[in-house]
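Biologist: Hi, I'm new to this one and would like a guided tour. Please start with any wording I'll need.

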Amino acid sequence: TESGVGPCDEGRTCCAGGCTDVRTDGDNCGFCGTTCAPGGDRCSDSACHCGTGALCDFIYTCSDGTCG
């Protein structure tokens, strides 16, 4: 559903764009509005990651799964 229109299914959270899974959504990772870019390219278990590693340090950008 759209934000504020109704309850989300179990395991999903109502964010500004509608219901989402904050455990895997790169635009709402862990919490609504928490984006993974530019330091990460994916969200897994409510945390941003770059490729198979951790989130890049703040001075680096994740590109093709590596920090650079």
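Modeller: Happy to. A residue is called buried when its relative accessible area is under 20%, exposed when it is over 50%, and partly exposed in between. Also, keep in mind that this is a predicted model.

Biologist: Got it. Let's begin with charges: how many salt bridges turn up in the whole structure?

Modeller: The search of the whole structure gives 1 salt bridge. The side chains of Arg23 and Asp21 form a salt bridge, with 2.9 Å from N to O.

Biologist: What's the general idea behind a pairing like that?

Modeller: Side chains with opposite charges can pair when their charged atoms come close.

Biologist: And Asp21, is that buried or exposed?

Modeller: Asp21 has 16% relative accessibility, so it counts as buried.

Biologist: Switching topic. Which strands make up the open sheet, and in what order?

Modeller: The open sheet has 3 strands in the order β3-β4-β5, with antiparallel pairing. Its edge strands are β3 (42-44) and β5 (53-54), and each of these pairs on one side only.

Biologist: How many bridges join β3 to β4?

Modeller: There are 3 bridges between β3 and β4, and β4 covers residues 47-50. To see one of the partners, look at Ser44: its bridge partner in β4 is Ala47.

Biologist: Now the cysteines. How many disulfides does a search of the whole structure find?

Modeller: It finds 6 disulfides. One of them is formed by Cys15 and Cys32, with sulfur atoms 2.0 Å apart. This pair links distant parts of the chain: Cys15 sits in strand β1 (residues 13-15), Cys32 sits in the loop between β2 and β3, and they are 17 residues apart.

Biologist: Why is the disulfide of Cys15 and Cys32 given a handedness, and what is it?

Modeller: The torsion about its S-S bond is about -80°, so this disulfide is left-handed.

Biologist: How accessible are the two ends, Cys15 and Cys32?

Modeller: Cys15 is buried at 4% relative accessibility, while Cys32 is partly exposed at 39%.

Biologist: What does Cys50 join up with?

Modeller: Cys50 is joined to Cys62 by a disulfide, 2.1 Å from S to S. The torsion about that S-S bond is about 90°, so this disulfide is right-handed. It also links distant parts of the chain, from Cys50 in strand β4 to Cys62 in strand β6 (residues 62-63), 12 residues apart. Both Cys50 and Cys62 are buried.

Biologist: And where does Cys56 connect?

Modeller: Cys56 forms a disulfide with Cys67, at 2.0 Å from S to S. Its torsion is about -95°, so the disulfide of Cys56 and Cys67 is left-handed. Cys56 is in the loop between β5 and β6, and Cys67 is in strand β7 (residues 66-67), 11 residues apart. Cys56 is buried at 7% relative accessibility, whereas Cys67 is partly exposed at 42%.

Biologist: What pattern do the disulfides follow along the chain?

Modeller: Counting bonded cysteines along the chain, the pattern is 1-3, 2-5, 4-7, 6-8, 9-11, 10-12. Cys14 is in no disulfide, and the nearest cysteine sulfur, from Cys8, is 4.4 Å away. Cys14 is partly exposed, at 33% relative accessibility.

Biologist: Last one: what does Pro38 touch?

Modeller: Leaving aside residues up to four places away in sequence, Pro38 touches Tyr60, Thr61 and Cys62. Pro38 itself lies in the loop between β2 (18-20) and β3, and it is exposed, with a relative accessible area of 52%.

Methods. Residues numbered from 1 in each chain as written. Predicted model: local features only at pLDDT ≥ 70, side-chain atom pairs only at ≥ 80, totals over all residues. Heavy atoms only, no water. Salt bridge = Lys/Arg side-chain N within 4 Å of Asp/Glu carboxyl O. Buried < 20%, exposed > 50% of the residue type's maximum accessible area, 1.4 Å probe, protein only. Pairing = 2+ DSSP bridges. Helix = DSSP H or I, 4+ residues; strand = E, 2+ residues; numbered from the N terminus. Contact = heavy atoms within 4.5 Å. Disulfide = S-S within 2.5 Å.
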